[in-house]
Amino acid sequence: MNLEGKKVTLHDMCLRDGMHAVRHQISVEQMVALATALDEAGVPLIEVTHGDGLGGSSVNYGFPAHSDEEYLNAVIPHMKNAKISALLLPGIGTVDHLKMALDCGVHTIRVATHCTEADVSEQHITLARKLEMDTVGFLMMAHMIEPDALVEQARLMEGYGANCIYCTDSAGYMLPDEVTAKIGILREKLKPETELGFHGHHNMALGVANSMAAVEAGANRIDGSVAGLGAGAGNTPLEVFNAVLDRMGAKTGVDVFKLMDVADDVVVPMMHQMVRIDRDSLILGYAGVYSSFLLHAKRAARKHGVPSSEILVELGKRGTIGGQEDMIEDVALDLIKRHRQAAAGSA
Amino acid sequence: MKINAALIGSGNIGTDLMFKALRSEWVNPVWMVGIDPDSDGLAKAREAGLKTTHDGVDGLLPHLAEDNIQIAFDATSAYVHAENSRKLNERGVMVIDLTPAAIGPYCVPVVNLKEHVGKKEMNVNMVSCGGQATIPMVAAVSRVQPVEYGEIVATVASKSAGPGTRKNIDEFTRTTASGVEIVGGAATGKAIIILNPAEPPLIMRDTVHCLTETKPDEDAIRQSVEEMIADVRKYVPGYKLVNGPVFDGNRVSMFMQVQGLGDYLPKYAGNLDIMTAAALRTAELFGEEIANGTIELSAAGA
């Protein structure tokens with residue numbers, strides 16, 4: 001693979017996707033310290049919000065330690081070069097949140113929908129573009145549809161005004177060939193000036209390999225999180241991917257050694273548990289289940305006494321998608337009923 | 001005596017509502033209004049013997065008096081509702097709003113229909129599909145003890161979410177959250193909507209979380225929830241509690257499923273069915289009142 005000379009924009013997810021891994025409990029001080037360290041290492045774009053995006057604060061997804069507004073207002077004034085992005089999932093956040101984020105100084109808005117539902121993003125993408133924000137359409141769980149269908153959805157977002165489209169492997173399910181095929185056809189069919197991005201999860205340990213495939217096929221923005229702080233087994237470990245790109249002669253503008261220091265000295269101490277490929281996160285990747293379900297499933301398992309692996313497999317069978325965290329406890333309760341019936345039947 | 005009604009909007013909602021209204025003891029659907037001459041809804045309306053126009057609400061206005069139309073259902077979109085309502089109201093027609101425009105007071109029949117009686121309201125709003133499915137459950141808890149925070153997650157099959165819902169998704173979350181507060185009785189409300197494309201399409205699912213101010217009275221809440229479900233089932237037979245109430249500290253959670261009757265829309269589209277059933281139930285109450293002479297509609301300013 002030849003990535004020599006390719007320019008890649010690295011986008012750090014620790015302070016958004018990483019919120020999932022610590023139950024949205026990152027303190028303002030930790031946010032500022034990590035964002036400042038990333039900025040100093042040369043990371044150009046950093047995402048900051050609740051794990052489920054603007055307005056994600058809820059019983060369903062978890063109440064964060066602080067509001068999106070508090071986090072954004074704390075972090076943005078400290079940034080020397082890095083820009084801040086915010087995620088928005090229509091159906092959870094609204095254009096009111098988008099305007100709030102812009103007022104706080106957010107540069108990039110990423111409007112995220114399930115990969116088949118791009119048309120719910122029209123209100124938000126249109127407005128973001130009108131407000132002259134860097135506007136990204138973010139197609140989640142992109143493993144669930146064929147490349148042609150993905151193109152159709154990407155074109156809707158491009159038509160509303162998105163200047164960048166993401167193929168998002170929310171479940172960490174994709175293998176490199178699939179990434180190549182999907183980014184490749186998006187590159188072929190979208191406008192040449194539309195940027196392409198890839199967001200991976202490391203559930204099958206393919207975050208780096210998939211991101212390399214994405215760059216080769218035409219993506220120029222890659223999401224990752226330093227030390228992999230993200231949902232499931234985490235995102236593409238950004239310091240690793242940066243080192244790989246450096247070896248391959250691609251250009252990120254991010255300091256390889258400084259980013260390693262951020263990983264070990266700042267991010268790892270913030271973790272509540274090691275973010276790694278344990279049995280449950282491997283199931284996410286293997287069965288194609290939304291990565292953010294991980295800790296919710298572990299909690300439901302503890303409360304209701306049903307194995308978390310069984311809950312996750314059942315969520316996959318039911319075709320659940322991003323945002324359906326409410327189904328986790330529901331599935332746990334159904335499994336209890338099923339177990340009782342089975343026990344009664346065999347008695 | 002039945003009161004004559006017009007259906008504005010010939011999409012999924014308007015057409016399903018027509019089939020339900022054709023069975024009503026109190027409401028007689030006379031007109032269906034669309035904007036697309038080839039729409040399936042208008043064709044179905046003609047087959048059922050209704051008068052139709054594809055010139056929008058303006059095509060209906062000249063006929064209101066001669067056909068004695070007293071109630072209109074607006075199932076168009078939030079963007080055009082205010083104008084439709086103004087034109088109808090000034091001619092003395094009461095409007096039941098099925099869009100998320102919400103310019104009139106909210107109505108969730110099982111919770112607050114009686115409050116609307118005798119107020120001479122010319123416009124009532126049906127909140128949203130998610131609101132009709134979940135607000136009764138929030139109210140079932142809040143009538144037992146104060147609810148500090150109510151949150152609903154409505155998951156509907158992608159196929160049951162039309163272009164109106166998709167373009168208006170923010171209005172859905174805002175209107176529903178506000179209905180959770182005003183009608184449901186939660187001090188703060190939050191609404192989330194998910195469109196799931198699974199095949200075969202999933203039956204509408206709704207999760208309701210309430211955070212009570214003090215420790216939940218489990219027995220009283222269980223009983224209240226059970227009674228509320230029985231009341232909703234009178235107009236939406238496919239409304240059921242799948243799991244819960246789950247009690248976890250001050251959190252009370254209920255997991256609902258809403259299956260439709262399958263009149264015009266498939267049974268999985270319980271989200272649309274509960275809207276049309278609730279709107280019809282509302283019209284029936286007003287119809288009953290008009291017929292009994294309890295209320296008399298008059299043109300605004302007349």
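# Reading a predicted two-chain model

Q: Which domains does the assignment of chain B give?

A: This is a predicted model. The domain assignment divides chain B into domain 1, covering 3-126 + 276-292, and domain 2, covering 129-269. Between the C-alpha centres of domain 1 of chain B and domain 2 of chain B the distance is 24 Å.

Q: How many residues does each domain of chain B bring to the contact?

A: Domain 1 of chain B contributes 20 residues and domain 2 of chain B contributes 22 residues. On the side of domain 1 of chain B that touches domain 2 of chain B, the elements giving two or more residues are α1 (12-21), α4 (109-112) and α9 (270-292) of chain B. Of these, α1(B) gives the most, with five residues. Sorted by class, this side of domain 1 of chain B holds 12 nonpolar, five polar and three charged residues.

Q: How is the overall form of chain B to be read, and how many helices and strands does chain B have?

A: Chain B has nine helices and 11 strands. Its radius of gyration is 19 Å, close to the 19 Å that the globule rule gives for 302 residues, so chain B is as compact as a globular protein of that length. Along the principal axes, the C-alpha atoms of chain B fill a box of roughly 60 × 45 × 30 Å. Of the 302 residues of chain B, 58% count as buried. Among contacts in chain B between residues at least 6 apart in sequence, 70% join residues at least 24 apart.

Q: Is Ala72(B) buried or exposed?

A: The reading rests on a count of neighbours: a residue is buried if 20 or more other C-beta atoms lie within 10 Å of its own. Ala72(B) counts as buried because it has 28 C-beta neighbours inside 10 Å. Its place is in strand β4 (residues 69-74) of chain B.

Q: Which residues does Ala72(B) touch, leaving aside those up to four places away in sequence?

A: Ala72(B) touches Ala5(B), Ala6(B), Ile8(B), Leu88(B), Val93(B) and Val95(B). A separate comparison sets sequence against space: Ala72(B) and Trp31(B) are 41 residues apart in sequence, and their C-alpha atoms are 9.1 Å apart.

Q: How is a sheet read, and what is the strand order of the open sheet of five strands in chain B?

A: As a general idea, strands of a sheet pair through backbone hydrogen bonds, either parallel or antiparallel. In this case, the open sheet of five strands has the order β8-β7-β9-β11-β10 (chain B), and its pairing is mixed. The edge strands are β8 (186-196) and β10 (239-248) of chain B, each of which pairs on one side only. With direction ignored, neighbouring strands of this sheet are turned by 15 degrees against each other on average.

Q: How many bridges join β7 of chain B to β8(B)?

A: Strand β7 (residues 147-157) of chain B is joined to β8(B) by 10 bridges, and the two run parallel. Ala154(B) stands opposite Ile193(B) in β8(B). Helix α8 (residues 218-233) of chain B packs on the sheet, where it touches β10 and β11 (251-258) of chain B; the direction of this helix makes about 165 degrees with that of β10(B).

Q: What arrangement do the eight strands of the closed barrel in chain A have?

A: The closed barrel runs β1-β2-β3-β4-β5-β6-β7-β8 (chain A), with parallel pairing. From one strand to the next, the twist averages 25 degrees. Helix α8 (residues 207-217) of chain A lies across β7 and β8 of chain A and runs at about 170 degrees to β8(A).

Q: Which domains does the assignment of chain A give?

A: Chain A is assigned domain 1 (9-270) and domain 2 (292-346). Their centres, taken over C-alpha atoms, are separated by 28 Å. The contact takes 14 residues from domain 1 of chain A and eight residues from domain 2 of chain A.

Q: Where do chains A and B meet, and how many residues of each chain are in contact?

A: 24 residues of chain A are in contact with 26 residues of chain B. On the chain A side, the elements that give two or more residues are α5 (122-130) and α14 (326-346) of chain A. The largest share of that side, five residues, comes from α14(A). By class, the side of chain A that touches chain B has seven nonpolar, 10 polar and seven charged residues.

Methods
Residues are numbered from 1 along each chain as its sequence is written. Chains are lettered from A and ligands numbered from 1 in the order in which they are written. This is a predicted model: local features need pLDDT of at least 70, side-chain atom pairs count only at pLDDT 80 or more; totals for chains, interfaces and linings use all residues. Domain bounds come from an automatic or database domain assignment. Two residues are in contact if their C-beta atoms, placed from the backbone, lie within 7 Å. Helices (H or I, at least four residues) and strands (E, at least two) are DSSP runs, numbered from the N terminus. Ala, Val, Leu, Ile, Met, Phe, Trp, Tyr, Cys and Pro count as nonpolar, Asp, Glu, Lys and Arg as charged, and the others, Gly among them, as polar. Two strands pair if DSSP finds at least two bridges between them. Axes are lines fitted to C-alpha atoms, for helices over the stretch in contact, and angles run from 0 to 180 degrees between N-to-C directions. The radius of gyration is taken over C-alpha atoms; the globule rule is 2.2 Å times the number of residues to the power 0.38. A residue is buried if 20 or more other C-beta atoms lie within 10 Å of its own, exposed if 12 or fewer, and partly exposed in between; C-beta atoms are placed from the backbone.
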